[in-house]
Amino acid sequence: MSQSAIITASPDVMSGTPVFAGTRVPVQTLLDYLKAGESIDDFLEGFPTVKREQVIAFLEAAQAQILKLVA
């Protein structure tokens, strides 16, 4: 999945807050769910406009960035 299909940020959508592409769901919302101990399924149930593939691709991209920092 291309980076542009995962997250977008535009001043016209949620004042530039990074959101899952094609939605108005902030990426921070997923992080808040996970931090609170909720599952990806719980998040997707609450935000059906976000695709599972987007969530997985986002987490994989975040993992790759973190691993670059510690390598």
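Mentor: Let's start with a term: a nonpolar core is a set of buried Ala, Val, Leu, Ile, Met, Phe, Trp, Tyr and Cys residues joined through side-chain atoms within 4.5 Å. Keep in mind that this is a predicted model.

Trainee: How many residues does the largest nonpolar core have, and which elements give two or more residues to this core?

Mentor: The largest nonpolar core has 12 residues, among them Ile-6, Phe-20, Phe-43 and Phe-58. In soluble globular proteins, nonpolar side chains tend to be buried together. The elements that supply two or more residues to this core are H1, H2 and H3.

Trainee: Which residues of helix H1 are buried, and what do the buried residues pack against?

Mentor: Helix H1 covers residues 27-35, and Val-27, Thr-29 and Leu-30 are buried there. They lie on the same side of H1, because they cover an arc of only 160° around the axis. The buried residues of H1 pack against strand S1 (7-8), strand S2 (19-20), helix H2 (40-46) and helix H3 (52-70).

Trainee: How many salt bridges does the structure hold, and how far apart are the closest N and O atoms?

Mentor: The structure holds one salt bridge, and its partners are Asp-41 and Arg-52. Asp-41 lies in helix H2 and Arg-52 in helix H3, so the pair ties together parts that are 11 residues apart in sequence. The closest N and O atoms are separated by 2.1 Å.

Trainee: Where is Thr-49 found, and which residues is Thr-49 in contact with, leaving aside neighbours within four places in sequence?

Mentor: Thr-49 sits in the loop between H2 and H3. Its C-alpha atom is 8.7 Å from that of Arg-24, and these two residues are 25 residues apart along the chain. Leaving aside neighbours within four places in sequence, the contacts of Thr-49 are Thr-23, Val-25 and Gln-54.

Trainee: Which residues form a nonpolar patch on the surface, and is Ile-66 buried or exposed?

Mentor: The patch consists of Ile-66, Leu-67, Leu-69 and Val-70, with about 460 Å² of accessible area together. Ile-66 belongs to helix H3. Since its relative accessibility is 51% and the cut-off is over 50%, Ile-66 counts as exposed.

Definitions and conventions: Residues numbered from 1 in each chain as written. Predicted model: local features only at pLDDT ≥ 70, side-chain atom pairs only at ≥ 80, totals over all residues. Heavy atoms only, no water. Buried < 20%, exposed > 50% of the residue type's maximum accessible area, 1.4 Å probe, protein only. Arc of directions from axis to C-beta. Contact = heavy atoms within 4.5 Å. Patch = residues over 30% accessible without salt bridge, like charges linked within 9 Å, V, L, I, M, F, W, Y side chains within 5 Å. Areas by Shrake-Rupley, 256 points an atom, 1.4 Å probe, with all protein chains shown as cover. Salt bridge = Lys/Arg side-chain N within 4 Å of Asp/Glu carboxyl O.
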